[in-house]
2 protein chains.
Amino acid sequence: MSPKPMARPGGRSARVQEAVHAAVRELEAEQGRAKLTVPAVAARAGVTPSTIYRRWGDLQELLSDVAVERLRPEEPPSDHGALHADLTAWARQFLDEMASPPGRAYVRDALLGDPDGSNAGQCSAYAAGQVETILARALDRGETAPPVETVMDLVVAPMMYRILFRPDPLTAAYADHLVETALAAPEESA
Amino acid sequence: MSPKPMARPGGRSARVQEAVHAAVRELEAEQGRAKLTVPAVAARAGVTPSTIYRRWGDLQELLSDVAVERLRPEEPPSDHGALHADLTAWARQFLDEMASPPGRAYVRDALLGDPDGSNAGQCSAYAAGQVETILARALDRGETAPPVETVMDLVVAPMMYRILFRPDPLTAAYADHLVETALAAPEESA
DNA sequence: ACCTTAAAGCAACATCATTGCGTTCCGCCC
DNA sequence: GGGCGGAACGCAATGATGTTGCTTTAAGGT
């Protein structure tokens, strides 16, 4: 649901949506979240506040929308020629991005203004898609690979849990450890 | 940080805090979250809105505060005489409570109004404490038990991840599966 | 019992959220 | 290609919420 279902996808609506999203990114970068308010975003985007309220409902939903867009992976995971190397590299990068202060903020925002959970589902789908790509490549090479669900449970979930629920810093070594566990696990799954 | 650090713990401050918390619970039960607003809570609690704004900052922090209180376990996990049975029973109950609509709401609230992450950390600490109790009992009996961190990573984290990021319903069988995995894991950890 | 001071009350003010109505412009069909 | 229907936007007024300085109360220490 990143871009809300637009009955009128082209032209002005699209321009407004882009302008508003850009305004959010700019204001966030310039003044931080505290100064982010619907009227402020509207002014920067050259739109009236009522437009934003009508399209997004409130600030949280708008931020959630923007956050999900930022969390969308921009390219498929890099190919290192072997499952273990691919997964390790991906997990490290994922942890790095998500555990960073901006990453944490995006995740929180995505979860926040999301009454039906569709934005959060989208985030999970992004990660699952990346993992899926890595595993499919491994199978293509003739390697044995665990199911996606196993990797989600053993690698992605622990990282996200710690990011959300624990203040402690996280290291690449932790990501490596989780990958080891996942690849050592029996091949069946939930 | 459930009860904010009160320089004046006794007497009126305590009464006000309790009244406000009670007002939140009542209004939430009576009218749902949509109608929950700071002035409304203040009116029900018999306080002025400014008191709430000063003590909690905004509605989200107040809700986070109340949510954490509700997530505090009320009793130690039940003792079934064996590690496997104890963990399975606890995991099922935990999943049941957290995956329910009110449970999801509390978790989200707790994460939400929590700039420094201390409330979220408290939630995690509650779960870790319960697990710790179960594992300590097992060791007392002479059973071998994995470290707390392993159980957090292999049982708690996957459940919370799915609760937060996926709309799909979760079953007791899933909790059982996670416990199996955790108890089958090698004894070392992160 | 007094003094100190954190915390609550009060009230005015600023800002934000909401809504009805008129206008614009997209997308479609003739 | 020109007009038609309707969705989305702009504008402006209104009500609700968030914010702040000053005053008053009462808890806790001396």
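Predicted model: local features only at pLDDT ≥ 70, side-chain atom pairs only at ≥ 80, totals over all residues.
The size of an interface is often given as the accessible area lost when the parts come together. For chain B and chain A this buried area is about 2600 Å², of which 57% lies on carbon and sulfur atoms. On the side of chain B, the residues that lose the most area to chain A are B:Asp153, B:Tyr161 and B:Phe165, which together account for 25% of what that side buries. In terms of contacts, 29 residues of chain B are in contact with 29 residues of chain A.

Polar interactions also cross this interface, where 20 residue pairs between chain B and chain A are in polar contact. The side of chain B that touches chain A draws at least two residues from each of α6 (101–112), α7 (118–141), α8 (148–165) and α9 (172–184) of chain B. Helix α8(B) gives the most to that side, with 12 residues. By residue class, the side of chain B that touches chain A divides into 17 nonpolar, 5 polar and 7 charged residues.

Over all chains, the structure holds 26 salt bridges, and 6 salt bridges are found across the interface of chain B and chain A. B:Glu149 forms a salt bridge with A:Arg166, with the closest N and O atoms 3.1 Å apart. A salt bridge is also formed by B:Arg162 with A:Asp153, the closest N and O atoms being 3.2 Å apart. Since B:Arg162 lies in helix α8 of chain B and A:Asp153 in helix α8 (residues 148–165) of chain A, this pair joins two chains. B:Arg162 and A:Asp153 are both buried.

Within chain B, the side chains of B:Arg92 and B:Asp176 meet in a salt bridge at 2.5 Å, N to O. This pair links distant parts of the chain, B:Arg92 being in helix α5 (residues 83–99) and B:Asp176 in helix α9, 84 residues apart. B:Arg92 is partly exposed, with a relative accessible area of 40%, whereas B:Asp176 is buried at 18%. The side chains of B:Arg141 and B:Glu143 likewise meet in a salt bridge, at 2.8 Å, N to O. Both residues are partly exposed, B:Arg141 with a relative accessible area of 32% and B:Glu143 with 25%. In chain A, salt bridges that share partners join A:Asp79, A:Asp86, A:Arg137, A:Arg141 and A:Glu143 into one network.

B:Leu112, in helix α6 of chain B, counts as buried because its relative accessibility is 12%, under the cut-off of 20%. Residues up to four places away in sequence being left aside, B:Leu112 touches A:Gln60, A:Arg108, A:Leu112 and B:Gln60. A:Gln130, in helix α7 (residues 118–141) of chain A, is buried with a relative accessible area of 13%.

How values were computed:
Residues numbered from 1 in each chain as written. Chains lettered and ligands numbered in written order. Heavy atoms only, no water. Helix = DSSP H or I, 4+ residues; strand = E, 2+ residues; numbered from the N terminus. Buried < 20%, exposed > 50% of the residue type's maximum accessible area, 1.4 Å probe, protein only. Contact = heavy atoms within 4.5 Å. Buried area = accessible area lost by both parts, 1.4 Å probe. Salt bridge = Lys/Arg side-chain N within 4 Å of Asp/Glu carboxyl O. Polar contact = N/O pair within 3.5 Å; in protein donor to acceptor, adjacent residues only side chain to side chain. Nonpolar A, V, L, I, M, F, W, Y, C, P; charged D, E, K, R; others polar.
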